[in-house]
Amino acid sequence: MDPLLARLSQVDACAVSDALDRSGIAGVALGLQPVSGQKRIVGRAVTVQLGPDDKRASKRHLCTAAVDASGPESIIVIAHEGRLDVAGWGGILSLAAKGKGAAGVIVDGACRDVDESREMGLSVYARATVPITARGRIIETGWNEPVVISGVGVAPGDYVVADGSGVVFIPAEKIEEVLALAERISARERLMAKDVLAGKPVAEVMGADYETMLNTGANP
């Protein structure tokens, strides 16, 4: 594994979100939840853009190029423009992505065939689930290009963390800065948890320095 991904796998989405706050970077994609899979996923974005079917013949089914280009360090990130009335991902795609070893899938909109994704253990994050097919309704308009996911710009190769708390994107050029901060925040919170378990009053553990630790110049 990429050493940066190995380190990223040791911090959660909340620590990364805090680090992004500290760095002044918008990276949290609101409204996305796990619909299958129970583990934290980390990887680098392979992007897809979807749009309305303009009735022109499509050379390939949506998302297939991204799946074929993915691997164990990839998370397929689909800009479905928040649509809930049609699925932007389905079961055969999940099967193919699982076969490629992809870390997971993120859909800014609805997906379908969730039971199949669950059975094969593929982590999929989406806004909703719906049985309505993409065929005749939406097509892929581009892939491996910058997209917008829940208001957050995502470029191919950006870093992704997703867990039960949500989905967070880190620009590739900012990964070392954000990751170092997230690691420091996680270490600080582990010490705080240790103090709480030892019986120290939580009001003391979560004192004024905790409230201000994300301020510029503070030492998380």
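## Basis of the description

Helices (H or I, at least four residues) and strands (E, at least two) are DSSP runs, numbered from the N terminus. The model is predicted, so that local features need pLDDT of at least 70 and side-chain atom pairs count only at pLDDT 80 or more, while totals for chains, interfaces and linings use all residues. Residues are numbered from 1 along each chain as its sequence is written, and side-chain values use heavy atoms, with hydrogens and water left out.

## Helix α2

Gly24, with a positive phi near 70 degrees, follows α2. Helix α2 spans residues 13-23, and nine of its 11 residues are buried (under 20% relative accessible area; exposed is over 50%, partly exposed in between; 1.4 Å probe, protein chains only). Among the buried residues are Ala13, Val16, Asp18, Leu20 and Arg22. Their cover includes the helices α1 (3-8) and α6 (175-197), together with β1 (28-29), β12 (159-163) and β13 (166-170).

Cys14 is partly exposed, at 39% relative accessibility. Cys111 is in no disulfide, and the nearest cysteine sulfur, that of Cys63, is 11 Å away; a disulfide here is a pair of cysteine sulfur atoms within 2.5 Å. The structure as a whole holds zero disulfides. Cys111 is buried, with a relative accessible area of 1%.

## Surface patch

On the surface, Val196, Val202 and Met206 form a nonpolar patch with about 240 Å² of accessible area together. Patch members have over 30% relative accessible area and no salt bridge, and nonpolar side chains (Val, Leu, Ile, Met, Phe, Trp, Tyr) are joined within 5 Å, like charges within 9 Å. A salt bridge is a side-chain nitrogen of Lys or Arg within 4 Å of a carboxyl oxygen of Asp or Glu, and accessible areas come from the Shrake-Rupley method with a 1.4 Å probe, only the protein chains shown counting as cover for residues. Val202 lies in helix α7 (residues 202-205) and is partly exposed at 48% relative accessibility.

Conventions: Contact means heavy atoms within 4.5 Å.
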